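Please read these notes beside the model. They go point by point through both chains.

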Amino acid sequence: MSGITAERAIPGAPPREPSYLTAKTGLASWLLTTDHKRIALLYMAAITVFFFVGGAGAVAIRIELFTPQADLLSADAYNRAFTFHGVIMVWFFLIPSIPNILGNFLLPLMIGAKDLAFPRLNLASWYIFMAAGGLAVYTLLSGGVDTGWTFYTPLTTAFSNGNVLAAAAAVFVSGFSTIATAVNFIATVHLQRAPGLTWFRLPLFVWAIYATSIVMVLATPVLAMVLALIFAERAFGIPIFDPLRGGDPILFQHLFWFYSHPAVYIMVLPSFGVISELVTCYARRRVFGYNFMVYAILWISLVGFLVWGHHMFVSGQSLFASLAFSLLSFIVAVPSAIKVFNWTATLYRGQIVFDAPMIYALGFIGLFTIGGLTGLFLASVPVDIHVTDTYFVVAHFHYIMVGGAVSALYGGLAFWWPKITGRLYPEGWARFAAIMMFFGFGFTFFPMFIMGYLGMPRRYHVYPEEFQVWHVLASAGAVILAFAYLLPMGFFAWSLIWGRRAPANPWGATGLEWQTSSPPPEENFHTPPVVEQGPYNYHPEHAGPPALEREQHQPQGRQP
Amino acid sequence: MSDIAARNAALRQPWRSLRRQREGAAFGIWIFLGSEVMFFGCALLTFAVYRSLWPDAFAAAARETNITYGTVNTALLLTSSLTMAAAAEGAAAGLRRLTLCCLAATVAFGIGFLVVKGFEYQEDITKHLVPGAGFRLEAPQAQIFFAFYWLLTGVHAVHLSTGIGIATVLGIQAWRGSRMLASPAFEALGLYWHFVDLVWVFLYPLLYLGGRS
């Protein structure tokens, strides 16, 4: 069980040539770089900071909820804490995390390109992101917002005491960054693929980032406009959603969720891509049903635009609308289920290695399944009316976004860490952290399903004593979870100096990114790659067993 | 300088050929315009909802807009699209003087639009057409119409100003010779300009012609 890490690492340092990390030096070479790999690292630094900032909000929430009384935060401060947690985590951590860190780094490598299609636009989008982040931090320093991350009117436009304008501006500006990156990714996938890399030879991670980018391009501007409407109404008093002058606040909810439901898929589709890469590599199997995996991604990104009304079952929209949205929400669950089944089928008869990325991936599949199935509870109108605005909803979307997307991010970071930095992370510690994240997450969020079902409403800082046991369990679990998040940051940093040097392909993975050195040279590939086969060609049948020395199992596929 | 050298100077990383790079610029702008369609589409849809909710108030409010200014501006902007198209085609064909003249005309038409718009805004303010206390019309829903009037024309003017800025920069660069005419930027600017024009083609009937039939 020493894993493939130890066996594959080439003893002795290979001859060093300048990588993208060492080719140029100095602060300016980083801040003015147009190299997608360096920009990915810039994003990694910024997003890590925001992860801590948003995490601080979560810490305040969990400490406050330890007892039924209000002891740390006032009601108003609690409102500001959870709003800030939501705003930062959604727009400054979850949405940019996998696309802008792993996507930025890997997309050109995976398709055999020298860089993204528009390298300077890529750098500009990082600066826009930082400006938006500055506005978000200013929002916090100037008193914060108390509206919840959903910015519902007329609270935001007429009644809120918080700094709604700054928060709306921050999210608005971050949208420019999102759209710029998405345009870049789409153009890159269309125009920069290596010779022979046809659409249905693309790795699923590329497909996932591509579909995410399309959703970003089409959904983000709607949020931008709706925030502009709120900004105009609050700042200049022009009535858009003001019921006294014939405005309709429900219309705001429609527009907001038209963005924010697809935004859920912006957060989780890239994770699907990461998990597909991890499962295939550590099960040494071709992905089961590649074409259906692709269609499922596209299907989700299309139907994801048509289900926003399931956030509004109790808003007073017509029952017919609720039924239609309910049906569509069940339909969008089908491709997600296809993906889970196909990952599971990929494991079947695989040679599974329980290295850290695989543990993260398996954790993802379990947590995502629970999150997805409880999503079906919420898509059904009668159940949703019972649990609307309770901790059941909180638990559900944390299972998708935190259990799902963050597990995938950590798994992906571990998997591609040798490619990014040229160093191997300590496998034992990483396995420990992965297991701890799974259990910490479960302890934190599973109690929320129970107390939500029992009627504990969300967004309250005091609660009846009967819920205390669940809240204490959740807060205790959050400590474990926090440790599981911090530990990898520690050993990743440790590996930068003391980690063993990584060979080009430490995991024996397929994929173009593993064919270049670790870390890659500035121009990505020493010789431009040409692709002659499909993705995930573990156990190529024509080669006969064993394709790699340690793989003694029979070949996959139909027996003659 | 030979034609080939000029073309090589316009080629940037990571593109392998200028033809591919040109394709990429146009492709990227088209995707971006898709995003812009959703941006304006969101506001137009909201407008449509309210218009169907309050048809009479919206018709009464639309009659208060100044159709003369609106029509003059429509003519200015449509003509600017013609000169912009000529500039983009001229750049692609390497016709320096045509490109520069047409870019200058485009910028002039754009600025003309903004000037007319400025006079119109001034008149709207003196006529108390800004939503809020002292609004000219009695029906409260008419204020929603003018909320959209200010918002949509304002956002459109911001887009147009961006276009004027980019056209000016590209024109100066082309005049000095620091940007090759072969650069794909001219076509990209053209696509963007036509889009901003197209938005106005929607705004003009919705804001000026409504209630006047």
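Helices here are DSSP runs of H or I with at least four residues, strands are runs of E with at least two, and both are numbered from the N terminus. This is a predicted model: local features need pLDDT of at least 70, side-chain atom pairs count only at pLDDT 80 or more, and totals for chains, interfaces and linings use all residues. Residues are numbered from 1 along each chain as its sequence is written, chains are lettered from A and ligands numbered from 1 in the order in which they are written, and side-chain values use heavy atoms, with hydrogens and water left out.

1. Chain B, overall. Chain B has seven helices and zero strands. In sequence order the pattern is α-α-α-α-α-α-α. Its C-alpha trace spans about 70 × 30 × 30 Å along the principal axes. Of the 213 residues in chain B, 49% are buried. Buried means under 20% relative accessible area, exposed means over 50%, and partly exposed is in between (1.4 Å probe, protein chains only).

2. Contact means heavy atoms within 4.5 Å. Take the contacts in chain B with a separation of 6 or more: 79% of them join residues 24 or more positions apart.

3. An unreviewed UniProt entry places the feature "transmembrane region" at residues 25-47, 98-116, 147-170 and 191-210 of chain B. UniProt positions are given in the numbering used here, feature names are shortened, and annotations may be inferred rather than shown by experiment. How does the model treat residues 98-116 of chain B, as helix or as strand? The span is 100% helix and 0% strand, with its end C-alpha atoms 27 Å apart. Residues 25-47 of chain B are likewise 100% helix and 0% strand. There the end C-alpha atoms lie 33 Å apart.

4. Glu187(B). This residue sits in helix H7 of chain B, residues 185-209. Is Glu187(B) buried or partly exposed? Its relative accessible area is 31%, so Glu187(B) is partly exposed. Neighbours within four places in sequence aside, Glu187(B) contacts Arg22(B), Ala26(B) and Ala88(B). Glu187(B) is also 8.7 Å from Ala87(B), C-alpha to C-alpha, across 100 residues of sequence.

5. Chain A, annotated domain. For residues 24-532 of chain A, UniProt lists "domain: Cytochrome oxidase subunit I profile", from an unreviewed entry. The chain is 70% helix and 0% strand over that range.

6. H10(A) and H11(A). The axes of helix H10 (residues 290-303) and helix H11 (residues 319-347) of chain A come within 9 Å and cross at roughly 155°. That makes H10(A) roughly antiparallel to H11(A). Axes are lines fitted to C-alpha atoms, for helices over the stretch in contact, and angles run from 0 to 180 degrees between N-to-C directions. Angles under 35 degrees count as roughly parallel, over 145 as roughly antiparallel, 65 to 115 as roughly perpendicular, and the rest as oblique.

7. The H10(A)-H11(A) contact. From H10(A), the contributors include Phe292(A), Met293(A), Trp299(A) and Val303(A). H11(A) supplies residues including Leu328(A), Pro335(A), Lys339(A) and Trp343(A). By class, the contact has 14 nonpolar, two polar and one charged residues. Nonpolar covers Ala, Val, Leu, Ile, Met, Phe, Trp, Tyr, Cys and Pro; charged covers Asp, Glu, Lys and Arg; the others, Gly among them, are polar.

8. Ser380(A). It lies in the loop between helix H12 (356-379) and helix H13 (381-387) of chain A. With a relative accessible area of 18%, Ser380(A) is buried. Beyond neighbours within four places in sequence, Ser380(A) is in contact with Ser326(A) and Phe330(A).

9. The H5-H6 loop of chain A. Two backbone points deserve a check. The peptide bond from Thr153(A) to Pro154(A) is cis, with omega near -5°. Pro154(A) is in the loop between helix H5 (119-141) and helix H6 (155-159). Phe151(A) is in the loop between H5 and H6 too. Phe151(A) has phi near 55°, a positive value in a residue other than glycine. Phe151(A) counts as buried, at 1% relative accessibility.

10. After H16 of chain A. Pro519(A) lies in the segment after helix H16 (468-498). The bond from Ser518(A) to Pro519(A) is cis, with omega near -10°. Tyr536(A) lies in the segment after H16 as well. Although not a glycine, Tyr536(A) has a positive phi of about 55°. At 2% relative accessibility, Tyr536(A) counts as buried.
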